[in-house]
Amino acid sequence: MSKVRVAVFGCGAIAQRRHIPEYAANENVELVAFADPVIARAEEMAAQYGGKAYADYEELLKNEKLDAVSVCTPNYLHAPMTIAAANAGLHVLVEKPMAATTEEGEQMIEAARKNNVFLMVGHNQRLMPPHVKAKEILDSGRLGKVLIFRTSFGHGGPEGWSVDGRDSWFFRKDEAIMGAMGDLGVHKSDFIRYLLNDEIVEVAGFIGTVHKEGTDVDDNATCIVRMKSGAVGTLMASWTHYRGGDNGTVLWCEHGVMKIGTVEGDEVIVELTNGTVETYKVGAMATNEKQVPSGVIDEFVDCIVTNTPPRISGEEGLRSLNVILGAFESQANGKVVKL
Ligand SMILES: NC(=O)c1ccc[n+]([C@@H]2O[C@H](COP(=O)([O-])OP(=O)(O)OC[C@H]3O[C@@H](n4cnc5c(N)ncnc54)[C@H](O)[C@@H]3O)[C@@H](O)[C@H]2O)c1
């Protein structure tokens, strides 16, 4: 079979650290082109991995023969770029949060459907080894029903991650739309829905800018969520964990507790009510400093090669986004929002 011809829109941190190297390592892929208005970034990727550099993604779409694109740009560009690529007949892997609004998300799904291409969202939390193990344990039924939980994601903020540091788009509302909630909260709304195989039906959000200066987006959020099953939990997102970053989830269940990513080294701990304690060292959770392959890119390529619709679909990405948008609505009107 001929190789899957891929272009990458946006050559910043996530493209450089995950998308581009993971495509390059996949034997079914040919990296064809890179787009970034900071053309030096696209040129650097082209020099390192082969392919052509463009400042303008529309120019790239016009000139190159492609099968798929990755959209790794500031959040406000996810929808227009995804729709343009789908209309050009290309499969799309878009970073999270998939869109700025529900309507945009629906338009992206519709664009992929009508052009008969795949739309996948980069919700890599689902593929992290401790999370894969946790899902396997929960699905086995040994812990019984999940009753109450907490899930959180916090680090020191995008100034320590984005290619533009403190001057990053992450801090500007017109480009980011959301702050810590769009960056980290949506990872956890997606993960908890996936892990519990359940939907969030109610959300109450306390969201604000607690500490970062010179930004009009949120740096912290604490939400209470209720699942369709009746389980209740908290979902936290923070850009002010200057020490003690957190990507942990704890589920208290009928027959015990499962702690995921709470203790370094023991990535999943199961403590049963009968006194048994099980620890699983299944591989690390990725952090900003310690990157590990996301698996998202290989899964996207496999979908194309085997003509199998992606599990982390546009519809899934939209449900996870809607939780976050509901939390903002709750913050704005002081009420619990039903989803
Ligand atoms: N899945 C994950 O774990 C994960 C992690 C980090 C970031 N992300 C997401 O990836 C996306 C990109 O984030 P990042 O961390 O790489 O940001 P970044 O600031 O490091 O890089 C963004 C890049 O996009 C470029 N850009 C801006 N406008 C563009 C345009 N019109 N065309 C092409 N490129 C353009 C910028 O010049 C910059 O190089 C965001 O949506 C973010 O939420 C996902």
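Into which domains is the protein chain divided?

Author: The model is a predicted one, in which local features need pLDDT of at least 70, side-chain atom pairs count only at pLDDT 80 or more, and totals for chains, interfaces and linings use all residues. Residues are numbered from 1 along each chain as its sequence is written.

The protein chain is divided into domain 1 (4-124 + 293-311) and domain 2 (125-289 + 321-338); the bounds come from an automatic or database domain assignment. Taken over C-alpha atoms, the centres of domain 1 and domain 2 are 25 Å apart. Their contact takes 17 residues from domain 1 and 21 residues from domain 2, where two residues are in contact if their C-beta atoms, placed from the backbone, lie within 7 Å. The side of domain 1 that touches domain 2 has eight nonpolar, eight polar and one charged residues. In this classing Ala, Val, Leu, Ile, Met, Phe, Trp, Tyr, Cys and Pro are nonpolar, Asp, Glu, Lys and Arg are charged, and the others, Gly among them, are polar.

The ligand draws on both domains: its shell takes at least three residues from each of domain 1 and domain 2. Of the 29 residues around the ligand, Gly10, Gly12, Ala13, Glu95 and Ser162 come nearest; a residue is near if its C-beta atom, placed from the backbone, lies within 6 Å of the molecule. By class the shell has 15 nonpolar, eight polar and six charged residues. Helix α1 (residues 13-24) gives the most to the shell, with three residues. Helices (H or I, at least four residues) and strands (E, at least two) are DSSP runs, numbered from the N terminus.

Next, the helix pair α5 and α10. Helix α5 (residues 102-115) and helix α10 (residues 314-333) pack at an angle of about 180 degrees, with their axes 10 Å apart. The axes are lines fitted to C-alpha atoms, for helices over the stretch in contact, and angles run from 0 to 180 degrees between N-to-C directions. The angle makes α5 roughly antiparallel to α10, a label for angles over 145 degrees. Residues in this contact include Met108 and Ile109 of α5 and Leu318 and Leu321 of α10. By class, the contact has six nonpolar, five polar and one charged residues.

Finally, the sheet. Nine strands form an open sheet with mixed pairing, in the order β14-β13-β12-β11-β7-β10-β9-β8-β15; two strands pair if DSSP finds at least two bridges between them. β14 (277-280) and β15 (337-338) stand at the edges, each with a single partner strand, so one side of each is left without a neighbour in the sheet.

Methods
Parallel < 35°, antiparallel > 145°, perpendicular 65-115°, else oblique.
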